[in-house]
Amino acid sequence: MRIVEQFLRRAGWAVSIGLSSSPEEIAALVASEWFGVVGLTLSSETRVDQLATAIRSVRDASSNRAICVMVGGPMFLQQPDLVQRVGADASAVDAATAVLLAQRLLDLAADEAGTSGADAVATECGA
């Protein structure tokens with residue numbers, strides 16, 4: 001996650017890290033601040049349901065009704081179908097791709113809303 005954080009920062013993103021945050025903590029964070037993209041990681045198949053719960057909580061609580069959710073981690077490389085199963089918008093295979101994909105998601109959301117995506121913020125939270 002730290003590598004993705006560094007890539008995002010170099011690309012001009014403001015990044016907030018919440019390692020091992022609970023779904024409730026993540027929901028509280030996105031409710032208190034505007035986030036364009038939230039990135040969550042998954043390292044174990046035993047936490048798929050917890051990640052899906054966290055994504056639903058993010059979408060329900062976010063002050064940005066069009067928030068985008070990206071997921072990453074070894075489980076998504078091994079089982080790409082998990083992206084849809086947990087309710088995420090996308091997954092990237094590496095840090096460089098994550099930055100490009102996050103910007104693309106944000107641009108698409110901004111186009112749909114008729115706004116600018118220039119003030120994007122990303123957060124990565126382990127699940």
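Where is the place of Val4? Select Val4 to begin, and you will find it in helix H1, residues 2–10, where helices (H or I, at least four residues) and strands (E, at least two) are DSSP runs numbered from the N terminus. The model in the viewer is predicted, so local features need pLDDT of at least 70 and side-chain atom pairs count only at pLDDT 80 or more, while totals for chains, interfaces and linings use all residues. Residues are numbered from 1 along each chain as its sequence is written, and side-chain values use heavy atoms, with hydrogens and water left out.

**The whole chain**

Zoom out and colour by secondary structure, which comes to six helices and five strands, following the pattern α-β-α-β-α-β-α-α-β-α-β along the sequence. Of the 127 residues in the chain, 44% are buried. With contact taken as heavy atoms within 4.5 Å, 70% of the contacts between residues at least 6 apart in sequence join residues at least 24 apart. The chain exposes about 6500 Å², of which carbon and sulfur atoms supply 51%, as computed by the Shrake-Rupley method with a 1.4 Å probe, where for residues only the protein chains shown count as cover.

**Strands E2 and E3**

Next select strand E2 (37–41) and strand E3 (68–72). Four of the five residues of E2 are buried, so this strand is largely enclosed by the rest of the structure. E2 and E3 run parallel and are joined by five bridges; two strands count as paired if DSSP finds at least two bridges between them. Within this pairing, Val38 stands opposite Val69 in E3, and Gly39 has Met70 in E3 as its bridge partner.

In a regular strand the side chains alternate between the two faces of the sheet. For E3, five of its five residues are buried, with Cys68, Met70 and Gly72 on one side and Val69 and Val71 on the other.

**The nonpolar cores**

Now select Leu40, Leu51, Ile55, Val71, Phe76 and Val86, which touch the most other members of the largest nonpolar core, a set of 21 residues. Such a core consists of buried Ala, Val, Leu, Ile, Met, Phe, Trp, Tyr and Cys residues joined through side-chain atoms within 4.5 Å. The elements giving two or more residues to this core are helix H2 (23–32), strand E2, helix H3 (48–61), strand E3, helix H4 (74–78) and helix H5 (82–86), and H3 gives the largest share, six residues.

Centre the view on Ile55, which touches Leu40, Val69, Val71, Val86, Gly87 and Ala88 when residues up to four places away in sequence are not counted. Apart from this core lies another, of 14 residues, among them Met70, Ala90, Ala98 and Leu106.

While in H3, select Gln50, whose place is in that helix and which is partly exposed, with a relative accessible area of 30%. The C-alpha atoms of Gln50 and Pro23 are separated by 7.6 Å, although the two residues are 27 apart along the chain.

**Helix H6**

Finish at Leu105 in helix H6, residues 95–113. Is Leu105 buried or exposed? Its relative accessibility is 12%, and so Leu105 counts as buried. Leaving aside neighbours within four places in sequence, Leu105 is in contact with Cys68, Met70, Asp89 and Ala90; Asp89 is 16 residues away from Leu105 in sequence and 8.2 Å away in space, C-alpha to C-alpha.

Asp107 also lies in H6, and at 31% relative accessibility Asp107 counts as partly exposed.

Notes
Buried < 20%, exposed > 50% of the residue type's maximum accessible area, 1.4 Å probe, protein only.
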